[in-house]
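Please read them with the model open beside you.

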Amino acid sequence: MFTYRYRELPVALEKKGEVRSALARELRLNPEQIFNLEVERFALDSRRKGAPHWSYNVIFETERPLRASGNAARGLIAASRERETLESDPLTGSVPMASHVDVIGAGPAGLWAALHLLRRGFTVDLYEQGKPVEERFRDIRRFFAERKFNEHSNVLFGEGGAGAFSDGKLNTRSRNIFSETVLRDMVEFGVDENVVTFAKPHIGTDRLVLMLRQIRAEIARLGGKIHFNTALEDVEIKDGRIAAIKMRDVSSVSPALNSAADSAQSLNSAPALNSAARWQKCEALVLATGHSARGIYELLAARGVALESKAFAMGVRVEHPQALINLRQLGKGVDTRLTGAAEYFLATPTLNKTSSAYSFCMCPGGVLVPCASEPGTLATNGMSYSRRNGPTANGAIVVPVEASETTFGGLNFQRKTERDAFDVGGKEYAAPAQTIKAFLAHHADRNLPKTTYPCGLVACNMWDWLDKKICSSLAEGFQNFDRKIPGFIEQGLIVAPETRTSSPVRITRNNDTLESINTLGLFVLGEGAGYSGGIVTSAADGVRLAVRAKRSK
């Protein structure tokens with residue numbers, strides 16, 4: 001047998017999945033002459049407006065060598081079916097770790113670390129300050145309806161992490177054995193198998209919830225223990241090594257107590273809650289708390305763990321009619337029941353190339369949501385359900401923010417922006433808003449268009465309170481984007497702010513061992529560590545740690 005790959009095999013929209021016949025036609029073969037055909041990756045190719053099609057990368061075998069000509073010759077290459085495995089990682093089993101591991105955070109990094117550590121024979125206790133995803137849903141709905149913020153159970157915190165209530169996008173720029181393992185695990189837990197091969201896979205919040213229940217059940221089946229409503233309050237470090245952790249039961253914390261004034265509390269200024277805290281021995285601690293758990297950064301800094309400032313990005317969310325995006329990105333007459341709702345990916349240099357503006361976390365057919373991790377603050381995010389069939393598209397348009405000269409300079413900049421937004425919105429989680437057209441004219445709107453944001457909008461002039469450099473870069477970016485997507489300015493609505501693109505702080509680690517550079521036994525993962533971005537890369541961080549771990553005793 002002879003093995004080949006064929007790249008960018010075109011398949012008509014209405015014939016999605018009919019790969020064998022399309023490949024046979026391109027190579028002028030009978031379909032029966034193609035053996036062991038496997039799809040490696042496929043995507044929607046919409047470069048020709050009005051004539052999109054599916055594009056497949058496949059691997060297959062033939063009994064005789066092939067000699068292709070014309071277009072087929074450009075797509076056909078000789079290949080091998082040799083594949084990387086988890087065990088082929090050169091660092092497999094190289095990181096000594098205590099046989100019992102405490103994992104903090106039940107987002108993607110924590111869940112996959114716990115799952116794969118258990119599969120490799122470790123015992124695991126997984127702690128999550130928030131609630132199981134079903135209860136978390138109820139808290140979020142209550143917040144939208146009553147504006148009572150629960151600092152432990154919200155859009156950002158709880159089982160599944162922030163990704164469970166964003167968009168469920170599984171995009172990753174770096175496909176490797178760790179990310180492939182995550183995607184195949186997801187299929188095992190009930191997600192459509194196309195997530196493994198589709199170039200831009202998407203689950204949706206509704207299906208993510210179902211998957212999380214399956215992961216929870218598997219962790220329990222393997223002997224893992226999950227402790228919800230349990231927050232990390234303190235760590236003890238002896239001789240440069242993790243020695244103990246202090247965990248606090250937060251199940252009795254009432255949302256009604258979470259006013260803006262509460263956000264000023266320090267780590268040790270809540271004696272009424274400390275009665276529910278307990279110290280316990282810990283030799284291996286995995287921190288997978290996400291980049292919104294700001295108190296963890298402050299705790300680690302107070303205990304001498306190495307941290308550093310890092311660059312991130314901030315800006316705004318923009319909403320448009322999905323019909324506009326479909327028309328501009330796909331062309332006239334395209335049936336979006338076949339293609340799905342259209343996306344955009346935009347970027348441009350700004351301010352004489354000293355800055356830029358770019359799109360981030362675009363949600364076709366999605367909705368806007370308020371997200372906050374601290375009382376008295378407001379940030380926005382976008383999410384989509386699995387069908388992505390809503391009438392509105394939203395995406396973040398953000399501007400890079402350089403690393404601060406101080407460890408918490410970027411975090412404080414985030415926090416100040418979120419507090420200002422909360423105040424401008426009337427301190428009831430309504431969001432500051434402005435049409436893009438009015439933004440470019442530097443004045444507030446008299447009337448605002450309809451929005452999917454559930455807590456109401458307050459018309460304002462963003463230039464009055466949002467950082468001026470960010471505003472200037474956004475203004476230039478919007479003008480450029482309107483040339484690429486005509487109507488972007490005329491039909492666009494700004495809802496602000498978007499602050500949580502990535503962490504402004506990094507917990508400095510050894511990238512081979514994933515261990516803190518100055519605290520042995522402290523392993524830091526995911527977006528909160530500052531080394532990943534998104535659901536898949538964060539979960540892959542958890543798999544990577546588990547594969548490299550070996551029981552030291």
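1. Start with Trp-112. Apart from neighbours within four places in sequence, Trp-112 touches Val-182, Asp-185, Met-186, Met-211, Ile-215, Ala-539, Gly-542 and Val-543; contact here means heavy atoms within 4.5 Å. Please keep in mind that this is a predicted model, in which local features need pLDDT of at least 70 and side-chain atom pairs count only at pLDDT 80 or more, while totals for chains, interfaces and linings use all residues. Residues are numbered from 1 along each chain as its sequence is written, and side-chain values use heavy atoms, with hydrogens and water left out.

2. Trp-112 also belongs to the largest nonpolar core, which has 84 residues. Together with Met-97, Met-186, Met-211 and Leu-232, Trp-112 is listed among those with the most contacts inside that core. A nonpolar core is a set of buried Ala, Val, Leu, Ile, Met, Phe, Trp, Tyr and Cys residues joined through side-chain atoms within 4.5 Å. Buried means under 20% relative accessible area, exposed means over 50%, and partly exposed lies in between (1.4 Å probe, protein chains only). A second, separate core has 67 residues, including Tyr-6, Ile-325, Tyr-429 and Ile-494. In soluble globular proteins, nonpolar side chains tend to be buried together.

3. Which residues line the largest cavity? They are Gly-107, Pro-108, Leu-111, Trp-112, Gly-160, Gly-163, Ala-164, Met-186, Leu-208, Met-211, Leu-212 and Ile-535. Helix H3 (108–119) and helix H6 (205–221) are the elements that give two or more residues to this lining; helices (H or I, at least four residues) and strands (E, at least two) are DSSP runs, numbered from the N terminus. The lining divides into nine nonpolar, three polar and no charged residues. For this count, Ala, Val, Leu, Ile, Met, Phe, Trp, Tyr, Cys and Pro are nonpolar, Asp, Glu, Lys and Arg are charged, and the others, Gly among them, are polar.

4. The space in the largest cavity is about 80 Å³, and the whole structure has three cavities of 30 Å³ or more. On a 1 Å grid over the protein atoms alone, a cavity is a set of points where a 1.4 Å probe fits but cannot get out, and a pocket is an open set with protein on both sides within 12 Å along at least five of seven lines; lining residues have an atom within 4 Å of a point. Grid points are joined across faces, edges and corners, and a volume is the space filled by probe spheres set on the points.

5. The second largest cavity holds about 40 Å³. Among the residues lining this cavity are Phe-143, Phe-149, Cys-371 and Tyr-429. Its lining has eight nonpolar residues, one polar and no charged.

6. Tyr-429 also forms an aromatic pair with Phe-422, edge-to-face, at 4.9 Å centre to centre and 65° between the planes. Rings of Phe, Tyr and Trp (its six-membered ring) pair if their centres lie within 6.5 Å; planes under 30 degrees apart count as stacked, over 60 as edge-to-face and the rest as tilted. Phe-422 is buried at 5% relative accessible area, and Tyr-429 is buried at 5% as well. The whole structure has 15 aromatic pairs. One aromatic cluster is made of Tyr-344, Phe-439, Trp-463, Phe-478, Phe-481 and Phe-488.

7. The second largest pocket has a volume of about 540 Å³. It is lined by 20 residues, of which Glu-40, Arg-41, Arg-83, Glu-180 and Arg-184 are the closest to its centre. Strand E2 gives the largest share of the lining, four residues. By type, the lining has four nonpolar, four polar and twelve charged residues.

8. Asn-36, in strand E2, has a phi near 50°, a positive value in a residue other than glycine; Asn-36 is partly exposed at 47%. Asn-229, also not a glycine, has a positive phi of about 55°. This residue sits in the loop between strand E8 (225–227) and strand E9 (230–238), and Asn-229 is buried at 16%. Finally, Ala-496 and Pro-497 are joined by a cis peptide bond with omega about -5°, and Pro-497 is in strand E22 (residues 493–498).
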